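This report describes the fold, the packing and selected side-chain contacts of one protein chain. The sequence and the model are shown first, and the description follows.

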Amino acid sequence: MTPAEIAPKDRLIVALDVPSVDAAEAMVGRLGDSVTFYKIGYQLAYAGGLPLIGKLADKGKKIFADLKMHDIGNTVTRGVESVAKLGATFVTVHAYPQTMKGAVEGRGSASLKILAVTVLTSYNDDDLHAAGYRLGVSELVEARAQQAQVLGIDGLVSSPEEVGSLRKIVGHQMRLVTPGIRPAGSASGDQKRIMTPGRAISAGADYLVVGRPVVEAADPKAVAEAIQHEIAEALG
């Protein structure tokens, strides 16, 4: 699928960052047909949310399993093999070469797409240096993108600030998925590298991950539809 073939509605991934399966199902019910793509991350996965992947997939929804795997290669391979059986569309691993290689091996011929997380959107250069990295955010993101491309990874997760430079590196061969999306007027929370939906799409993002601005809204459906409208406008 080329970027032009991705429907505007499918480009919004709503993060089900809620404390229980009941809360997740209630949110999906409130959003109804307005949202086609959901993210299940740590909070919901550890609250019994993994079976929800198959349940939502059976209803025609796409699921982003944001599990951020990182371990020895064999362990990642076996983990991805298991996720591939759940019906997810995307799964994340951290962008370390051994981890990415193991993930690609575990995916095999399944339709599951592997996304490599470059640098978390809550990090800036100072955070990386404090963690022992000598590179800054932009340099590390670009280095990991080049490694991911060589290893056969399907897409990258980065902040919207890096999307433009990544698109120059990977062209349209890899999907670019961006968290750190905040509609105008929304609080940034713990995110440090953020952008509005329209600007992120214009920069070259394929998919936008939005959690709190939607799931904590008084009218989540209205917010989701407003973001989708902004995406469509940015696409022209």
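In helix H3 (residues 51–58), the buried residues are Leu-52, Ile-53, Gly-54 and Leu-56. Buried denotes under 20% relative accessible area, exposed over 50%, and partly exposed the range in between, with a 1.4 Å probe and protein chains only. Helices (H or I, at least four residues) and strands (E, at least two) are DSSP runs numbered from the N terminus. An α-helix has 3.6 residues a turn, so residues three or four places apart point the same way.

The packing partners of the buried H3 residues are helix H1 (21–31), S2, helix H2 (42–49) and strand S3 (62–69); contact means heavy atoms within 4.5 Å. Just after H3, Gly-60 adopts a positive phi of about 90 degrees.

## Basis of the model

The model is predicted: local features require pLDDT of at least 70 and side-chain atom pairs count only at pLDDT 80 or more, while totals for chains, interfaces and linings use all residues. Residues are numbered from 1 along each chain as its sequence is written, and side-chain values use heavy atoms, with hydrogens and water left out.

## Overall architecture

Eleven helices and eight strands make up the secondary structure of the protein chain. Its radius of gyration is 17 Å, close to the 18 Å given by the globule rule for 236 residues, so the chain is as compact as a globular protein of that length. This radius is taken over C-alpha atoms, and the rule is 2.2 Å times the number of residues to the power 0.38. Along the principal axes, the C-alpha atoms fill a box of roughly 45 × 35 × 35 Å.

Of the 236 residues, 50% count as buried. Among contacts between residues at least 6 apart in sequence, 65% join residues at least 24 apart. The accessible surface comes to about 10500 Å², and carbon and sulfur atoms account for 51% of it; areas come from the Shrake-Rupley method with a 1.4 Å probe, and for residues only the protein chains shown count as cover.

## Aromatic cluster

The whole structure contains five aromatic pairs. Rings of Phe, Tyr and Trp (its six-membered ring) pair if their centres lie within 6.5 Å; planes under 30 degrees apart are stacked, over 60 edge-to-face, and the rest tilted. Phe-37 and Phe-90 form a tilted pair, because their ring centres are 5.4 Å apart and their planes lie at 35 degrees. Phe-37 belongs to strand S2 (residues 37–40) and Phe-90 to strand S4 (residues 90–94), so this pair ties together parts 53 residues apart in sequence. Phe-37 is buried at 0% relative accessibility, and Phe-90 is buried at 4%.

Phe-90 also pairs with Tyr-207: the centres are 5.3 Å apart and the planes at 80 degrees, so the arrangement is edge-to-face. This pair links Phe-90 in strand S4 with Tyr-207 in strand S8 (residues 207–210), 117 residues apart. Tyr-207 is buried at 7% relative accessibility. Ring pairs join Phe-37, Phe-64, Phe-90 and Tyr-207 into a cluster.

## Buried loop residues

Ser-159 lies in the loop between strand S6 (155–157) and helix H8 (163–170) and is buried at 0% relative accessibility. Its side chain makes a polar contact with the side chain of Glu-162 at 2.9 Å. A polar contact is a pair of N or O atoms within 3.5 Å; within protein, one must be able to donate a hydrogen and the other to accept it, and residues adjacent in sequence count only if both atoms are side-chain atoms.

Arg-182 occupies the loop between strand S7 (175–178) and helix H9 (197–203) and is buried, with a relative accessible area of 7%.
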